[in-house]
Each structure stands twice: as C-alpha cells, then as structure tokens.
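Trainee: I have a model open and would like to learn how to read its features. Could you take me through them?

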Amino acid sequence: MPYCPNCGYEYVKGITICPDCNFELAEGEPVYCFNCEELMVEKNIFCSHCGYVQSDFLKDDQDVMCEVHPKVEAMGICVICKKAVCSDCAVEKNSVLFCNDDSHIKVAQDWAVAFTTNTDYEAEMIKANLQGAGIPTMVFSQRDHAYFMIIGDMAVVNVMVPRDRLADAEEYLKKMDFFGDEADEDSE
Ligand SMILES: [Zn+2]
Ligand SMILES: [Zn+2]
Ligand SMILES: [Zn+2]
Ligand SMILES: [Zn+2]
C-alpha cells in the first residue's frame, strides 16, 4: 500500500499525495527505526532521529566504520555533525547518538534544522542568504564523511539555525522560494 514518507499514514491504491502533508506517497510499507521506532523517511542506513545504523539496509559487503577507530564498526552517527561513532566514541543522551564533542548535545537542544538538501552547494547558498539576513547558521553534511561512499545520493546536508530564529528562517526561505510553492508539485 502506498504510504506517506512524512507521517507514515497508509493509503489505498490510486492516491498519490498525502492530503495532510502534501508529500508524494511512497510504495511499500513504512519503515521504522529499530531503536527509536520513528518513521524512516527513506531507507537510509542511519536514522535521522537517533543516529543509529540500520544494519538491515546495509548490503552484505557494507560496513560503517568509526571515524576515530577505522577498524571498529560504528553503531551510528552523531545526529548533529554526522560523524560515525563506535560504542567507545558515542555519547548517548535520551537514546540519541552524539560524538564526543559535547557542544553537539547543546546544538541539539538549542538549534533546529531549517532546511535539508542533498547538495553542499545548495546548503552553502542558503547559509549565505540566512546569514545575510542576520540569522546565525550552521551546516552539517554527511558528504564530509567516509561512509558517503555507501550512501551516495542519500546523503543529507542540514542547515541549522538557533531554535528561537527558526520561524524567522522559515519565513525568509519561503519568501526566497527555496521551499517552492507548497500547493503545486514539481512538473511530472
Ligand atoms: Zn502525510
Ligand atoms: Zn532512530
Ligand atoms: Zn558531532
Ligand atoms: Zn570509535
């Protein structure tokens, strides 16, 4: 059954857009993280909510290695900087993985993702625009890391802003038309 990759709701055949979220429906069944049980937006090998590696989605010959200990398998990635961490390197807080840079736990509390893209170029462009508008901005990219070889085009680049500026940032991006028009879909 088609399902919405944003809210997880399943629809009957024939429906292609989720009326609640305006997301294009995906085929198959919604997939949930084995650790935090949140909906996985795509069959990404990392849960975007908690950072844990979803070993079910790895091919047989694929392994994600710790960035500090290249011989040790990673248990996941820091949800902020996307660095791969083994059980020795990981700092877990409320079942969410972080690297041992303790500023990243603070970032998780005080900053929010304003925009997600698959290209560093677009992320940097948005960062420049937001900073130009006086909104502090940080970019964290999966493309900087060794496992990028495995995930390729699924790599996400997050543009983050302080939580209390999130509304400003979204407003600004909407005006810049980075989100596109919510009502109409990209051309078929
Ligand atoms: Zn939905
Ligand atoms: Zn998870
Ligand atoms: Zn980190
Ligand atoms: Zn390690």
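**Charges and core**

Mentor: Let us begin with one residue: Asp61 is exposed, its relative accessible area being 70%. Buried means under 20% relative accessible area, exposed over 50%, and partly exposed in between (1.4 Å probe, protein chains only). This is a predicted model, where local features need pLDDT of at least 70 and side-chain atom pairs count only at pLDDT 80 or more, while totals for chains, interfaces and linings use all residues. Residues are numbered from 1 along each chain as its sequence is written, chains are lettered from A and ligands numbered from 1 in the order in which they are written, and side-chain values use heavy atoms, leaving out hydrogens and water.

Trainee: Where is Asp61 found?

Mentor: Asp61 sits in the loop between strand S2 (39–40) and strand S3 (76–77). Helices (H or I, at least four residues) and strands (E, at least two) are DSSP runs, numbered from the N terminus.

Trainee: Which residues gather with Asp61 in a patch of negative charge?

Mentor: A patch joins like charges within 9 Å, or nonpolar side chains (Val, Leu, Ile, Met, Phe, Trp, Tyr) within 5 Å, using residues with over 30% relative accessible area and no salt bridge. Here, Asp60, Asp63 and Glu73 gather with Asp61 on the surface.

Trainee: How many salt bridges does a search of the whole structure find?

Mentor: A salt bridge is a side-chain nitrogen of Lys or Arg within 4 Å of a carboxyl oxygen of Asp or Glu. The search finds three. In one of them, Lys106 pairs with Asp110, with the closest N and O atoms 2.9 Å apart. These two are four residues apart in helix H1, so about one helical turn separates them. Lys106 is exposed at 51%, whereas Asp110 is partly exposed at 33%.

Trainee: What does the salt bridge between Arg143 and Asp120 tie together?

Mentor: Their side chains meet at 4.0 Å, N to O. Arg143 lies in the loop between strand S8 (138–141) and helix H3 (148–151) and Asp120 in helix H2 (residues 120–132), so the pair links parts 23 residues apart in sequence. Arg165 also bridges to Asp168, at 2.8 Å between the closest N and O atoms.

Trainee: Which residues touch the most other members of the largest nonpolar core?

Mentor: In soluble globular proteins, nonpolar side chains tend to be buried together. A nonpolar core is a set of buried Ala, Val, Leu, Ile, Met, Phe, Trp, Tyr and Cys residues joined through side-chain atoms within 4.5 Å. The largest has 24 residues, of which Cys78, Ile80, Phe98, Val107, Phe140 and Met160 touch the most other members. Strand S6 (96–98) and helix H1 (103–110) each give two or more residues to this core, and S6 gives the most, with three.

Conventions:
Areas by Shrake-Rupley, 256 points an atom, 1.4 Å probe, with all protein chains shown as cover. Lys, Arg positive; Asp, Glu negative; His and termini not counted. Charge placed at Lys NZ, Arg CZ, Asp CG, Glu CD.
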